Every structure is written in structure tokens, then in C-alpha cells.
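Visitor: Could you walk me through this one? I'd like the conventions spelled out as we go.
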Amino acid sequence: MAFFNTENGVADAVLLTEVTEDAYLKNLQLRHSKQKAYSLIGEVLVAVNPYQNCESYSDATINDYHGRAMFEREPHVFALAETMYTSMRRKEGDVCVVISGESGAGKTEASKHVMKYIAGVSAGKHRAEINRVKDLLMASNPLLESFGNARTNRNDNSSRFGKYMDVNFDHTFAPVGGNIRNYLLEKARVVKQQTGERNFHIF
């Protein structure tokens, strides 16, 4: 089973024989060296940005994860998206995925992959709509970044705000639209920046 494959490290950190910070970081480093970007801590997906294409996001990969429990396959953002989508259909209620990380960690890419998965598992007649929603939400990024991103000492394009991306579904669980809400904008940056940092891009 993939979760016990010591050659690629342990896929789920709860299965580590020694549960320490050092053991966890060594396991992440091993998986990263084997081009395994994803790991788990229980139901929490951890991604280490490899800054290269080492995971598959093809339609065939979507099919591999569709209809599977989260722990049946190697950790992947598609496994998380499948769990989310299945839970929404089963409970007939809202679900939320929190994507967090440092600047440059790959949060925007992760959200793109989640929406790609939803498009891939939606009925054929609804795929065009979810792709339209995805493209609209992603097309807003340059405008949002010009007003909300700035150069910091760690990243030339650091987001200085939070983003809530909402995808709406109808009663048949077909995507019908979406919106983006921003919060916690670092307003103080407009009048003062730390040494070596800059104002928002628009200024």
C-alpha cells in the first residue's frame, strides 16, 4: 500500500513510527526528493511546492481519484477535491476547503486544480459552465493582485490579503456560478512599508 512505501517516505504522517518535528521534516524532505509533492496528516493535505511539474493533473488522473476514498490512493489535491465534492452531495450542504500557506506556496495553483477536478467529474453538459466559472475567477487575479499584492523582503509578488472563493451549485450539484470576496487587506502598507519593501503594485 502506498501509505507504507518507505522508498517514497510515509504518505500519512500519523503512520510515522516516531512522531517528532525532526522525523516529520525528514519524511517531507524524502518525499520531496522522490517528487512527491503531497503528503497527509490525517485528513489534512500538505503540499510542498516543487517549483516543477512532478504530479499529474490529467483527465486520466481525475478518473483514478473519482469515486475513491481519500486514503485509497497516493495523497493528491484531487483526493481532497473528491472528498469535498462527495461530502457536498451526500450531506446536501455547503463544504469548505481552506487553502493556506506562505507566499509562493502554490495556493492559487491548488485552487485551480480543485476547480479542474470539479469540472472533470461534473456531468458533460455542466463541464463548460464550471470551466467558465473557473476562467472568470482566475481572470480576476491580475486585477486583485495589482491592488492587493506587493513586493516584500521574501517575495516580489506577495498577497497582502485573504481571498474567499465561492463556487455555487444548483440542486443537481451542477456548478452555476461563483464569486470572490477579499478580506484582511494590509491597508497600513499604503502609507508605510518596511525597509526593502514596496507599496501595492498599483502604486
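Guide: Let me begin with how helices and strands are assigned: helices (H or I, at least four residues) and strands (E, at least two) are DSSP runs, numbered from the N terminus. This is a predicted model, in which local features need pLDDT of at least 70 and side-chain atom pairs count only at pLDDT 80 or more, while totals for chains, interfaces and linings use all residues. Residues are numbered from 1 along each chain as its sequence is written, and side-chain values use heavy atoms, with hydrogens and water left out.

Visitor: How many helices and strands does the protein have, and in which pattern?
Guide: The protein has 6 helices and 6 strands, and along the sequence these follow the pattern α-β-β-α-α-α-α-α-β-β-β-β. The C-alpha trace spans about 55 × 45 × 30 Å along its principal axes.

Visitor: And what share of the residues counts as buried?
Guide: Of the 203 residues, 37% count as buried, where buried means under 20% relative accessible area, exposed means over 50%, and partly exposed lies in between (1.4 Å probe, protein chains only).

Visitor: Where does Phe147 lie?
Guide: Phe147 lies in helix α6, which covers residues 141–148, and with a relative accessible area of 46% this residue is partly exposed. Phe147 also belongs to a nonpolar surface patch of about 670 Å², made together with Leu143, Val190, Val191, Ile202 and Phe203.

Visitor: What counts as a patch?
Guide: Patches are made of residues with over 30% relative accessible area and no salt bridge, with like charges joined within 9 Å and nonpolar side chains (Val, Leu, Ile, Met, Phe, Trp, Tyr) joined within 5 Å. The accessible areas come from the Shrake-Rupley method with a 1.4 Å probe, and for residues only the protein chains shown count as cover.

Visitor: Switching to charges, how many salt bridges are there?
Guide: The count comes to 9 salt bridges, a salt bridge being a side-chain nitrogen of Lys or Arg within 4 Å of a carboxyl oxygen of Asp or Glu. One of them joins Lys26 and Asp22, whose closest N and O atoms are 3.4 Å apart.

Visitor: How are Lys26 and Asp22 placed in helix α1?
Guide: Lys26 and Asp22 are 4 residues apart in helix α1 (residues 21–33), so they are separated by about one helical turn. Lys26 is exposed at 52% relative accessibility, whereas Asp22, at 46%, is partly exposed.

Visitor: What about Glu109, which residue does it bridge to?
Guide: Glu109 pairs with Lys112, with 3.2 Å between the closest N and O atoms. Both residues lie in helix α4 (residues 107–121), 3 residues apart, which is about one turn of the helix. Glu109 is partly exposed at 40% relative accessibility, and Lys112 is partly exposed at 31%.

Visitor: And which parts does the Arg181 and Asp166 pair tie together?
Guide: The side chains of Arg181 and Asp166 meet in a salt bridge at 3.7 Å, N to O. Arg181 lies in strand β6 (residues 175–183) and Asp166 in strand β5 (residues 162–169), so this pair ties together parts that are 15 residues apart in sequence. Asp166 is buried at 18% relative accessibility, while Arg181 is partly exposed at 46%.

Visitor: Now the second largest pocket: which residues lie nearest its centre?
Guide: Ser103, Thr152, Arg154, Ser158 and Arg160 lie nearest the centre of that pocket, which is lined by 14 residues. On a 1 Å grid over the protein atoms alone, a pocket is an open set of points where a 1.4 Å probe fits, with protein on both sides within 12 Å along at least five of seven lines, and lining residues have an atom within 4 Å of a point.

Visitor: How much space lies in it, and what classes make up the lining?
Guide: About 210 Å³ of space lies in the second largest pocket; grid points are joined across faces, edges and corners, and a volume is the space filled by probe spheres set on the points. The lining has 1 nonpolar, 7 polar and 6 charged residues, where Ala, Val, Leu, Ile, Met, Phe, Trp, Tyr, Cys and Pro count as nonpolar, Asp, Glu, Lys and Arg as charged, and the others, Gly among them, as polar.

Visitor: Last topic, the backbone: what is phi of Gln35?
Guide: Phi of Gln35 is near 60°, a positive value in a residue other than glycine, and Gln35 is found in the loop between α1 and β1 (38–41). Glu92 has phi near 55°, a positive value in a residue other than glycine, and its place is in the loop between α3 (77–91) and α4.
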